[in-house]
Amino acid sequence: MNTCPRTLLFVPGSKPKVIAKAAGLTADAVIIDLEDAVAPDAKCDARQHVADALRALDFGGKLRAVRINALDSAHAAADAGMAATAEVDALVVPKMSSVADIDGEPLAAPRVSDMPLWVMIETPQGVLNAASIAAHPRVQALIVGTNDLALGLGCEAGGSRAPMQTALQMAVLAARAAGVHVYDGVYNDFSAPEGLRAECEEGKALGFDGKTLIHPSQIDIAAGVFRPSDAEVEEARALIAAFAASGGGAVNFRGRMIEDLHVTAAKRLLGEG
Ligand code: COA
Ligand code: MG
């Protein structure tokens, strides 16, 4: 990905009207879900709805991704084939436990093997293998699936995320080591804007690039935390330009020292890193 999406909205693949609504909202990316948001007996119909929606709808320049069913499920191959035909921007792969999954069926099938992957880290094994998963050349981003992770770790669901800090930080560490994007999990209580804001601020402080979302009311709140302000953008551009004009090393920028690492941080803030 050249640009860095900050807000990634999940939408159930089984609900065509809700997909149409998502296409007109302001999230940076829409992830149309065929996995947990779709009931088992609605999987095949949902796949067709998603194919139709991707063909018919104008997503207004948003990134378009499809979350397929688990790799060992009966649906994964057909889900991935549909997404490849629809030429979405990425395949979102749930519950990946090992990088070997990427080079096996169905992800290595013809056409599917060309698709960028956003991988969900949401099992204990996935967390432990996050570094090798993130380093695979097809992986563009990690997404922490905090609901499944809490279940897998045996953490208490809801409330503070203190019990899963190590897992969150390992995902960020793995993504940064590999130079890919990393996104925080969803906040289930869409009627609690202050709780969402606090969790976005925690995620940003941990190093996440943005947040996955489940409801339209969450988009502006997450964007407000993760998208840089106009003043931050101006400062980052000025810093990059000043460093480039200086010839490098330690440089005086507006009365403080900057070095090459500050250029790296400024580019990341602009979504270019
Ligand atoms: N994308 C686009 N529109 C959405 C939406 C989403 N993720 N979630 C809700 N909306 C729409 C509703 O369709 C409704 O539209 P309308 O006013 O035109 O009828 C409006 O936003 C208000 O929705 P609301 O009544 O508050 O909620 P709901 O009961 O319709 O839906 C959920 C609540 C949780 C079922 C729904 O938000 C949802 O399905 N979210 C995504 C779940 C998902 O994909 N999970 C998998 C990843 S964790
Ligand atoms: Mg999950």
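Author: Helices, of at least four residues, and strands, of at least two, are DSSP runs numbered from the N terminus. In these terms, Arg161 lies in the loop between helix 6 and helix 7. The model is predicted, and the values below are computed from it.

Which residues coordinate the magnesium ion (ligand 2)? They are Glu122, through OE, and Asp148, through OD, at 2.0 to 2.1 Å. Asp148 belongs to helix 6 (residues 146–153), whereas Glu122 is in the loop between strand 5 (117–121) and helix 4 (124–128), so the pair ties together parts that are 26 residues apart in sequence. Glu122 is itself buried, with a relative accessible area of 3%.

The largest nonpolar core has 66 residues, of which Val66, Leu91, Leu107 and Leu142 touch the most other members. Helix 7 (residues 165–178) supplies the largest share of this core, 6 residues. Apart from this core lies another, of 15 residues, including Cys4, Ala29, Ile31 and Val92. With neighbours within four places in sequence left aside, the contacts of Leu142 include Ala171, Ala174 and Ala175, as well as Val119, Ile121, Ala130 and Ile133.

Two further regions may be set beside this part. His136 occupies the loop between helix 5 (130–135) and strand 6 (139–144). His136 is buried, at a relative accessible area of 13%, and touches Val99, Ile102 and Asp103 when residues up to four places away in sequence are not counted. In helix 3 (residues 76–85), the buried residues are Ala76, Asp79, Ala80, Met82, Ala83 and Ala84. They pack against helix 2 (43–56), strand 3 (63–67) and strand 4 (90–93). Just after helix 3, Glu87 takes a positive phi of about 55°.

Phe253 is found in strand 9 (residues 251–253) and is buried, with a relative accessible area of 4%. Beyond its neighbours within four places in sequence, Phe253 contacts Glu235, Ala238, Leu239, Ala242 and Ile258. Between Phe253 and Leu196 there are 57 residues of separation in sequence and 35 Å in space, C-alpha to C-alpha.

As to the whole, the protein has 11 helices and 10 strands. Its radius of gyration is 19 Å, close to the 19 Å that the globule rule gives for 273 residues, so the protein is as compact as a globular protein of that length. Of those 273 residues, 48% count as buried. Among contacts between residues at least 6 apart in sequence, 66% join residues at least 24 apart. The protein exposes about 12500 Å², with carbon and sulfur atoms supplying 54% of that area.

Definitions and conventions. Residues numbered from 1 in each chain as written. Chains lettered and ligands numbered in written order. Predicted model: local features only at pLDDT ≥ 70, side-chain atom pairs only at ≥ 80, totals over all residues. Heavy atoms only, no water. Donors = N, O, S within 2.8 Å, 3.2 Å for Na, K, Ca; no water. Buried < 20%, exposed > 50% of the residue type's maximum accessible area, 1.4 Å probe, protein only. Core = buried A, V, L, I, M, F, W, Y, C linked by side-chain atoms within 4.5 Å. Contact = heavy atoms within 4.5 Å. Rg over C-alpha atoms; globule rule 2.2 N^0.38 Å. Areas by Shrake-Rupley, 256 points an atom, 1.4 Å probe, with all protein chains shown as cover.
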